[in-house]
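Please read the points below alongside the model. They cover selected elements of two chains.

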Amino acid sequence: MTTAKTDEAAAGEAPAPPAGPRERARQRRRAARRRGGGWWPYVFLAPWFVGLFGLTVYPMLDSLYLSFTDFDLLTPAKWIGAQNYTHMFSNDPVFWDSVHATLLYVLVSVPLKLALALGVAILLNRPLKGIGVYRAAFYLPSLLGGAVAIAIVWRQVFGGDGLFNDFLGWFGIKGQDWISSPDTSVYTLILLAVWQFGTPMVIFLAGLKQLPEDVYEAAAIDGAGTLTRFFRITLPLLTPIVFFNLILQIVDGFKTFTPAYVVSNGTGGPLNSTMLYSLYLYKKGFTDLQMGYASALAWVLFLVIAGFTAVNFVAGRYWVHYDD
Amino acid sequence: MGHQISRRTLFRTVSGLAVAGALGPALTACAGGTGAGSDNGSLTMTWWGSDERHAAYKKALAAFEKNNPKIKTETRYSGYDGYFDKFNTQIAGGSAPDLLQMDTALVAQYARKGILAPLDSYVGKSLDLTGFSKTLLAAGTVDGKLYGVPSGIGVNQLTVNRTGLEKLGLKLPDREWTWNDLKKIATEVRKKSGGTIYGVDDGGGSTLQCFEIFAREKGQPFFSDDGRKLGFTADTLQEWWEFWAAMRKDDASPPPAITSAAHNDLTKNAVVIGKALFTFDSGVYGAGGSITDVQLDFLPTPQGDFSGAREGNFVNGGVLLSATKASKKIADSVKIMDFFAQDPTAIKDMQLLRGIPPTEKARSLISAGLNETDRRNMAMADYISQRVSKATDALPAPVPPPKGADQIWDLLFQSNLAVAFGKKTIKAQLSEFFDQAQSILAG
């Protein structure tokens with residue numbers, strides 16, 4: 001312990017801080033202030049701070065408050081405690097329908113999408129002629145993916161008299177209305193999600209480019225076949241990328257809104273089979289005018305995604321391999 | 001080697017951002033407050049409808065502005081989808097329109113929340129409602145005050161593909177027909193078409209044009225007078241669902257996939273896609289202009305042939321014009337309402353695009369210029385409103401639907417679908433329906 005208080009800046013503070021890294025940082029800051037550049041960085045950061053607090057932090061806190069109220073958007077919010085949350089879990093069958101649809105959607109579409117993305121990335125990681133064109137072609141669906149137009153096309157393709165049934169007709173199979181039958185409708189959404197595998201594919205491709213050639217050469221000399229090389233070298237080395245894509249796609253999957261809204265015409269039907277969570281949240285807030293309830297739904301979604309992410313990070317310790 | 005990806009480089013850059021960025025929008029979608037109308041000099045007016053209706057509104061408004069050069073209007077219009085979602089957001093954001101087209105089914109909800117301006121102080125002064133019947137004005141009246149000027153008579157009728165019926169050698173049923181007659185002709189359509197066309201679209205989940213009338217025939221309104229309960233019994237709904245289950249079994253009505261596809265999508269309506277000849281969805285014609293090429297005709301919703309049945313039909317207000325309370329231009333908005341209610345130019349421009357005109361005077365003004373289908377539509381509306389006003393055993397017109405009504409209508413639709421898809425028995429779905437409806441109306 002030293003009591004090396006120097007100037008007036010620290011004079012008012014008690015008890016005296018221990019000297020060490022913290023004290024040194026302090027001195028650096030004071031030095032910076034003396035040089036006259038102390039507040040400039042904050043001026044340049046101001047727009048970001050305004051955005052962070054005005055558009056993210058404040059609305060989040062506001063929505064947390066609203067989640068404990070009965071708020072219809074039009075008249076002032078009324079505090080009702082945890083009622084929104086208890087109602088959700090005990091007395092709202094549509095909530096459970098939406099949870100079911102969303103979990104099914106995420107748990108089926110994400111693994112399929114990642115497997116397809118990795119497979120195509122490996123195929124596209126070759127010195128082929130015109131490889132750029134192929135890569136662009138495979139990425140294209142993702143560029144269009146979020147667009148309402150594609151979801152509308154999807155409705156036409158998988159409708160009762162749509163292209164997909166025409167295609168099945170070539171093989172003598174009589175199709176059905178895939179969109180408006182409760183057993184298949186969510187799978188058309190899953191298919192749409194899997195089809196848009198471009199983003200994880202590009203990330204996989206970038207990862208594959210970084211894998212060391214020499215390891216493969218050594219393996220080839222030892223007589224390792226294609227499959228062995230994939231499972232013993234490529235996949236283990238790529239686990240950080242797989243992990244990253246997994247987190248990203250799960251978060252994305254939970255938030256999916258546009259395709260469900262468009263394909264089901266905003267109804268989430270038939271029988272709530274395409275009532276993805278975000279769609280239900282939107283309907284509650286803007287159609288049924290239950291914004292307090294919608295805010296509560298948003299916070300439950302937030303916690304669920306945070307939970308999934310946390311579990312992934314913990315589980316990741318056992319299968320993700322890093323260099324450092 | 002150092003070729004591998006390190007934890008730091010990967011996560012420092014992306015993961016935190018991705019999670020935060022991803023969740024932000026979901027959570028921040030929910031801020032709000034209440035606010036007032038626009039204030040940039042011109043009066044904003046919104047409506048929903050078909051292209052024909054948009055054109056007619058704009059033409060009429062141009063004439064209005066010519067006569068009232070001090071009032072400038074700024075118009076916004078769209079389809080029905082999302083119209084009220086947008087309106088809600090605008091109110092919350094303080095940019096609601098001054099004058100808007102309002103849905104009869106929703107006027108009570110907005111009036112009671114204090115969004116709409118009461119119009120009583122203008123009536124007889126700048127708002128001339130001569131010729132509007134009391135029952136019609138009831139559509140815009142909530143708790144004794146007038147909040148909307150009805151644009152036309154709304155009646156509950158079926159739209160019929162007349163061409164298709166003639167092709168099968170079948171005759172249009174009599175206007176005094178029963179639910180059993182409907183079943184008979186729908187079955188015949190199926191038979192005569194060689195099993196290619198169903199008769200009538202599935203009405204088991206339809207509310208306004210359909211089940212509500214069936215229940216009223218038994219003296220049971222859809223909602224109780226105070227709006228806190230359902231007005232009909234489980235027996236009534238059971239009988240209704242059993243009727244439609246039988247219709248589906250006989251292929252008189254289409255399977256649920258077709259019904260479900262048409263939910264919120266008029267272009268997939270069974271009559272529009274040629275899969276049925278009768279539909280309860282008035283939108284096929286009523287939104288102003290037909291969306292199919294076939295010749296259409298109209299019939300009142302059938303009457304009950306069950307014991308104790310009485311007149312279940314009623315007349316409502318079609319669409320309405322309402323002013324928002326926060327607007328600073330209510331007086332100007334009222335002038336425009338008056339113009340659409342009484343001015344010959346506006347009446348002729350709008351024709352049937354906002355429903356059958358509400359006054360005798362307006363109807364005679366346009367009747368000469370109507371096409372064949374429009375004339376049939378108007379004649380049937382005339383017939384129904386006369387029959388309803390003559391009926392001695394009819395219930396009074398329904399009370400304005402309570403808060404949560406649209407959730408209950410949706411619940412009815414989904415319940416019928418669950419039965420039709422075979423996911424639930426009628427008995428099981430009945431108790432679920434009543435449980436949930438009760439919880440919606442109580443909350």
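1. Contact here means heavy atoms within 4.5 Å, and helices (H or I, at least four residues) and strands (E, at least two) are DSSP runs numbered from the N terminus. This is a predicted model, in which local features need pLDDT of at least 70, side-chain atom pairs count only at pLDDT 80 or more, and totals for chains, interfaces and linings use all residues. Residues are numbered from 1 along each chain as its sequence is written, chains are lettered from A and ligands numbered from 1 in the order in which they are written, and side-chain values use heavy atoms, with hydrogens and water left out.

2. Helix α4 (residues 83-93) of chain B is largely enclosed by the rest of the structure, because 8 of its 11 residues are buried (under 20% relative accessible area with a 1.4 Å probe, protein chains only; exposed is over 50%, partly exposed in between). Among the buried residues are B:F84, B:F87 and B:I91. The buried residues of α4(B) pack against α14 (277-287) of chain A, and also against β1 (43-48), β2 (73-78), β3 (99-103) and α5 (107-112) of chain B. Just after α4(B), B:G94 has a positive phi of about 75°.

3. In chain B, 5 strands make an open sheet of mixed pairing, in the order β2-β1-β3-β13-β6; strands pair if DSSP finds at least two bridges between them. The edge strands, β2 and β6 (149-150) of chain B, each pair on one side only. β1(B) and β2(B) run parallel and are joined by 6 bridges, with B:W47 opposite B:Y77 in β2(B).

4. α4(B) lies across β1, β2 and β3 of chain B, at about 130° to β3(B). Axes are lines fitted to C-alpha atoms, for helices over the stretch in contact, and angles run from 0 to 180 degrees between N-to-C directions. Helix α13 (residues 330-342) of chain B lies across β1, β2, β3, β6 and β13 (319-323) of chain B, running at about 155° to β13(B).

5. Strand β11 (residues 296-300) of chain B has 5 of 5 residues buried, so it is largely enclosed by the rest of the structure. In a regular strand the side chains alternate between the two faces of the sheet. B:L296, B:F298 and B:P300 point one way from β11(B), B:D297 and B:L299 the other. β11(B) pairs with strand β8 (residues 157-161) of chain B in the antiparallel sense over 5 bridges; B:L296 is the bridge partner of B:N161.

6. Chain A has 15 helices and 2 strands. Of its 324 residues, 44% count as buried.
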